[in-house]
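Q: I would like a close look at one part of this model, the contact between its chains. Please set that part in the context of the prediction as a whole.

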Amino acid sequence: MERRRFFGKGFTLLAQFGLISSVFKRASAEPTDYDASKHYYGMGIQVNKCIGCGKCMEACKEENGVPKEPFYFRTWVERYSIKKDGEVIVKSIDPRIDTLGNTVSEKDVMRSFFVPKLCNHCDHPPCVQVCPVGATFKTDDGVILVDSERCIGCRYCIQACPYGARYLNPVTSTADKCTFCYHRITKGLLPACVEVCPTQARIFGDTRSTASPLTRFKRMFKLHVLKPSLNTDPKVQYADLDGEVR
Amino acid sequence: MKRFLQKIPDSLLRVSTVFLVFIALVLTLRSLIPESLKNSEEHRKATIEREVAHPVRHAGSEVCADCHEQYDLKKTGYHKNLACETCHGAAQSHTEDQEVKPVINRKREACTLCHVFNPSRPTGFPQINPVVHNPGKQCITCHNPHDPKPPRVPKDCQACHEQIARTKAVSPHVQLECTTCHNVNEQHKVSPRVIKANIPNDRSFCGKCHATDSTVKETPKVDLSSHGEKYLCWECHYPHMPEVN
């Protein structure tokens, strides 16, 4: 056996032994009557309804324990200002500053609107492909999750995500992202951002259901997804989406 | 067979012994590793269990209605689709222990978060300019947050200036409309503190009725040139209750 492989194998073994203890620690979690294979979740976002109040961002941080610093978000709202000369200004809003109003004094703005964003929970997720340790994966109900005990914090997935939906959690030093509030949806609750949205700009539901707000949303509006050319097949669909939104 | 073994160089035998021992060691160790470590399915299951076990912070508006049915009026107003926790914050802790009170933010900023004018907001969404819209006043003095409506515009002055109206009602000026002396812009009823009612600013205004050359009948007349000298009329006579004699 080649010396390099010998050492390689030895180190793998050592690392695996280190993991054993952690496996035994998390032994019990009571089985629930929730059947993941019977669901397949998706979200609809009606851009015309978003008022950019930032309640979703606030509620998400509260619900999921995301660090309070203003640069860690699982969901965020972008403000698009398209000028008369065609220039597009995109800024992620900070509700604490922007609610004072008059943030855009530019007289030459042609149109302006807010776009809520979050993890698109792609059917063909690039982040899952690039993870070198298999820490991120798609569940049976279509949600992309991160195994924080396997993640080594290499940031490949953060780079690979075309939507910028991931960030490195400074507390755990692992990749973190929207889970569609997995702990809520498995209990039949709505994700926190959907729950608090004052204008119902966000609609959550099971994509396979025959009658639900999401089905109605998909029937009523002309839908689009972000960056369809990448064939990521997102499960977050947008209504009234402007062509300038990336 | 023995001769065959003797033919093999001694060094090769030793190396292969080490090699075999190593293989045996690896196989033994591998058998010790539990299946859960080698199987990524197990990892995923554990991750899902961890995510599901995450504590719920937002209780959901249906839970609130169990105790707080007095807010039925919210069901018909403009805020009917708002979850309670949109304004009152995450309240799962409140459902578990009633001593923990959810947030009640009465500041203007709590309302302007959604209702300040912002050119990016969708057309038709009710927005105000907080600088000119009754600055310094709490929104809830005029708008009920559980059933917000534009406040009813008062038909007459009495709605706000009741004390003056009562005083005037028993004074010699009872027959005069408020608008006889006060020039009132319609906007005054909407933003009373910003658009103010006009008040007379010189002696000749009172003189229109009370000067000796006035054509108005049955009013006390004075000679403006000799009466009161440099003083303005209302520095001695309160116009809403002028003395009779």
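A: **Confidence and the contact between the chains**

Chain A averages a pLDDT of 85 (the predictor's confidence in each residue, from 0 to 100), and 82% of its residues score at least 70. Over residues 19–31 of chain A the pLDDT is below 50; beyond near neighbours in sequence, this stretch has 10 contacts in the model, a contact being two residues whose C-beta atoms, placed from the backbone, lie within 7 Å. Where pLDDT is low, the predicted coordinates should not be read in detail. The model is predicted, and local features are therefore described only at a pLDDT of at least 70 and side-chain atom pairs only at 80 or more, whereas totals for chains, interfaces and linings use all residues. Residues are numbered from 1 along each chain as its sequence is written, while chains are lettered from A and ligands numbered from 1 in the order in which they are written.

For chain B the mean pLDDT is 86, with 97% of the residues at 70 or more. Helices (H or I, at least four residues) and strands (E, at least two) are DSSP runs, numbered from the N terminus. The predictor assigns the complex an ipTM of 0.77 and a pTM of 0.71.

In the contact between the chains, 39 residues of chain B meet 45 residues of chain A. Helix 2, helix 3, helix 4 (40–52), helix 6 (84–88) and helix 8 (108–115) of chain B each supply at least two residues of the side that touches chain A. Helix 4 of chain B contributes the largest share of that side, nine residues. By type, the residues of this side of chain B divide into 21 nonpolar, 12 polar and six charged; here Ala, Val, Leu, Ile, Met, Phe, Trp, Tyr, Cys and Pro count as nonpolar, Asp, Glu, Lys and Arg as charged, and the others, Gly among them, as polar.

Helix 4 of chain B may now be taken by itself. Its 13 residues, at 1.5 Å a residue, should span 18 Å, and its end C-alpha atoms are 18 Å apart, which agrees; the expected span is 1.5 Å times one less than the number of residues. Within helix 4 of chain B, B:H43, B:T47, B:I48 and B:E51 are buried. A residue is buried if 20 or more other C-beta atoms lie within 10 Å of its own, exposed if 12 or fewer, and partly exposed in between, with C-beta atoms placed from the backbone. These four residues cover an arc of only 135 degrees around the axis, which puts them on the same side of helix 4 of chain B; the arc is that of the directions from the helix axis to the C-beta atoms. An α-helix has 3.6 residues a turn, so residues three or four places apart point the same way.

The buried residues of helix 4 of chain B pack against strand 6 (144–146) and helix 6 (182–185) of chain A. A:R150 is found in the loop between strand 6 and helix 5 (156–160) of chain A. Leaving aside neighbours within four places in sequence, A:R150 is in contact with B:H43, as well as with A:V133, A:G134 and A:A135. A:R150 counts as partly exposed because 19 C-beta neighbours lie inside 10 Å. The C-alpha atoms of A:R150 and A:T136, 14 residues apart in sequence, are 8.6 Å apart in space.

A:D141 is buried, with 22 other C-beta atoms within 10 Å. Apart from neighbours within four places in sequence, A:D141 is in contact with A:A36, A:H39, A:Y40 and A:Y41. A separation of 9.0 Å is found between the C-alpha atoms of A:D141 and A:D206, which are 65 residues apart along the chain.

Chain A itself has eight helices and 11 strands, and 38% of its 246 residues count as buried.
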